[in-house]
Structure formats: structure tokens, C-alpha cells
Amino acid sequence: MCLGVPGKVLEVNDMTALVDFWGVRKQVLLHTVDSPVAPGDYVLVHVGFAIRRIPTGQIEETLAFYETLLRTAEEDLMAADVQEEMGAGEET
Amino acid sequence: MTSKASERLEFRDPKQVQAFQRALEHLCADLKTPISIMHVCGSHEQSIARFGLRSLLPPNLQVIMGPGCPVCVTDMPEVDEAVYLAEQGVILATFGDMFRVPGTVKSLAEAKAEGADVRIVYSPWEALQIARKAEREVVFFATGFETTAVATAAVILSGPPPNLSVLSAHKYIPPVMEIVAEMPQTRIQGFLAAGHAATITGWKIFERFVERHGIPVVVGGFEPLDILSALVQLVELIRRGERRVVNAYPRCVTPEGNRNAQRLLWEVFQTESGVWRGIAYVPNGNLRLRPTYAWADARARFQIRLSEWLHDAPPRLTQECLCGNIMAGIATPYDCRLFGKECVPESPVGACMVSSEGTCRIWYEYGGHVKGPTP
Ligand code: SF4
């Protein structure tokens, strides 16, 4: 629950955004984000809410860890937390 | 059970890991007394245990998990309030982690088995969706630190249906750091603060803490390299006797934090003093709804009569649980005689074995890799 997960913004619709997390697409809420987001931006998402727009230039660094985690770990607490967070947005 | 999981996941950059390890060895080589560092984040502990980071540390450097698991610090009476409401016939929505946390009489899982309507949600927004569809009262049992409370606040401010209310067990981290820093038994010399919580509050919030306690704080991410690099910086500060805040996680944390989220948080919540399970009475450590939002506050909307209800509660094994000492940094799960025996994730005795962020659960899954004396 402590974990925030990064995803890529595909569409923005007022207070919600369609966000892609490694192929999983979810509606994420934007009420809590720190600065305006646009398609193509990356956001850090916690319990279905975007809490930070990740500055360009720091995106790759942020993504790499999660990618390895999701690729290599199945039955694992951290991977489960990441997957749970990815499931937290609204179904599209 | 120790390192199977970590073998499956390679370090992104083993060379860098080694460099940090050598730096730590070098920094700790001539220490006269051991150094204890505390972190307050379940994801930090997951990472430390999962990647076996403790086994990379010099024996005179201890890294202890403090009260960083929101589920674990949710006080028993708060769980009781949720169980009580569920049994009164409301739809009780909460995070999956809370489901099996023992209350004085029973957990929400046990209440559900007896017919209560308890639903697991992944986001406070889902509780709102349930309320939109339901005819009955829906209570969202809200747990988590400020990062999560921000989401609850956003839901309350979004104009929810009148049948939704919030039972807040949200907790605010900065005050509890004061408490553990002052505990004479812990002797913490430095804090590794959680990056994602600081995303909301910003790192400047720790400056007052540093001034008051004379202990350095480094804000770090939870990836193995982030943690190691933060530890190197923290040990350097401790060695030099420098008392300041260093932000080792600039890609997520700014000095001021997320102003928009802070505005939502403090619009809806105020701090109140209260007990954190097992730890202590924490002044200003609880987040409760402001009187203006009483219409959304389950405690104002329902009469929760715990004392009558708890009257004949039989003593439970939970009384032997050491979670509190573990979160205060003065015991490890290995000190608990129930660890891995009566207390396992399938039938947890204490909250620390329930949550994926609880020390006992994490050590059960990954092993603790304890090296050197227990703190
Ligand atoms: S092993 Fe179980 S009973 Fe013992 S301290 Fe941990 S959670 Fe509590």
C-alpha cells in the first residue's frame, strides 16, 4: 500500500486519466496530482490516484525497477503490491 | 525461505551494489560503537529483506524497521469499531490488508464469515462506487499514512453520495518519528525517511525534527540501489556529526512536496492524539475528519458502543504479540515465540504478520538476514 507505481498517461478527461501500466489500462484519478498532466506524461499512482507527475529525464530510472520486478517475480510480496496497485484504478 | 525470491531478481547493477557495500564497510571500519538506523516504510523493509540487503551491511550497522506499516499501527479499538459497524448491517469497505487483522473480539474476515457485508477495495474511489450503487449505508474503513489519506480526502471532497461515510484510522508519520527518536531503548542515530510519503509532504518537513533531536534524516527510495546510496549518505552524516536533511530521492521528492495534495489533506483532516497499536500514545499522530466534514464521518453518524460490546471478550493469543516492540526497534520477529509457529500469514496472531508491509510477514516470506547482535 506504501508503494506507488508509475504509468503512462494515454488520455486526459477532466479529473481522470487513462493510464497504461505495462499493458494494463486503468482510469486514474487526477485530483491529487502535483501539476497538470497531458498524454505522454508519466505519473506515480497510489491507491488509484496520481500523486506526482514524474519529471522527464527521470522516467526511465523509475520504470526500470518495476519492470524487472514484474518480469521476474511471481509469488512475491513486492510484485503482489505492485500488481494490486495496478488493479486499483477503475476498469476501462 | 530465505533468499529464493531474491535469487530470481537480479540487481540491476551489481557493480554499483558492490561499490556501495565497500563504501559502507569503509565508513564503518573504525566505528567505536555500532550505528542504528531506522526506516519507517513497509516498502523499504520489503526491499531490504527481499534483496538480502542486511547481509551486505557491516555487522556494526543496524537497519531497523520502525512503525512504517500502516496496517500494523492501526489500533485494536479502531478494528473493533469497523467490526462493530459491519455487524450493525452497513457495507464495510476496506483495503485487503485490513481484512485479517485481529480485533479484540474478531477480525473483519471473521465477521464476514458470520454474515457481515465486508468488501475489499483497492482504492477509496471504489468505496464511493459501491455507495453509488448500494441502497444501504457504506462505511469506508480508511487506513494508511498521509499518502493514502490524501486519496480519502479527495473522495470526500468529490461530492460523494450521502450513504458513504469514512471511519478514519489514517495516521500521520512525522509525529511518531518524534516518539521513537525519544525512546531511550532504541538509540536511533539516523532516519531513512520514506520517499513516497515524502512525495506528499516534501522533505523540508523533516528539518524541524532534525533540529529538535539532533539526528540526520535522509529521504530515500525503496529500490535496492536507492536504499544503499541513502545508507551511505546517512552513515557519512552520522560520522561527521552533521545534523541535516538530505534528499537522496530527488526524482520523487521535492522540498515543498505536493502542495495540491497537502491542501486536500488538511482541508478534510486534522491531527488528533491517539494510540498507535503496540507503540505508544502519539500526540497528533492520528488523522481525523474535521468537524466541518462530520456528515462524512462514520464516528459522528453512527453510535459505536464498543465498551458494552467488548464486555466479555475472551483473552486472545494476541496478548503475546511483540509487534509493538518490533516497531519500536527493540525486538525482532525472532524474539517472538509465536513467529512461524502459532503465527503465520494464513492464521496471523498479530497485525505485523498480516500486512505485506509488516515486519513479521516480510521476514516470514524472505527471512530476516540478521547479522550481528539483535538491536
Ligand atoms: S510473529 Fe505474530 S505474534 Fe509474534 S510479533 Fe509477529 S505478528 Fe506478533
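This is a predicted model: local features need pLDDT of at least 70, side-chain atom pairs count only at pLDDT 80 or more; totals for chains, interfaces and linings use all residues.
Residues are numbered from 1 along each chain as its sequence is written, chains are lettered from A and ligands numbered from 1 in the order in which they are written, and side-chain values use heavy atoms, with hydrogens and water left out.

**Disulfides.** A disulfide is a covalent bond between the sulfur atoms of two cysteines. Here a disulfide is counted when two cysteine sulfur atoms lie within 2.5 Å. That rule gives two disulfides over all chains.

| Disulfide | S to S distance |
|---|---|
| B:C69 to B:C72 | 2.3 Å |
| B:C323 to B:C352 | 2.4 Å |

B:C323 lies in helix α16 (residues 323-327) of chain B, and B:C352 in the loop between α16 and α17 (359-366) of chain B, so the pair ties together parts that are 29 residues apart in sequence. Helices (H or I, at least four residues) and strands (E, at least two) are DSSP runs, numbered from the N terminus. B:C323 is buried, with a relative accessible area of 5%. B:C352 is buried too, at 0%. Buried means under 20% relative accessible area, exposed over 50%, and partly exposed in between (1.4 Å probe, protein chains only).

**Helix α2.** This helix of chain B has 15 residues (14-28). Which residues of α2(B) are buried? They are B:V17, B:F20, B:L24, B:L27 and B:C28. They cover an arc of only 95 degrees around the axis, which puts them on the same side of α2(B). The arc is that of the directions from the helix axis to the C-beta atoms. The face turned away from the buried side of α2(B) carries the exposed residues B:K15, B:R22 and B:H26.

**The sheet.** Four strands of chain B form an open sheet in the order β4-β3-β5-β6, with parallel pairing. Two strands pair if DSSP finds at least two bridges between them. The edge strands are β4 (118-121) and β6 (164-168) of chain B, each pairing on one side only. Strand β3 (residues 91-95) of chain B pairs with β4(B) over four bridges. In that pairing, B:L92 stands opposite B:V118.

Terms used. The expected span of a helix is 1.5 Å times one less than its number of residues.
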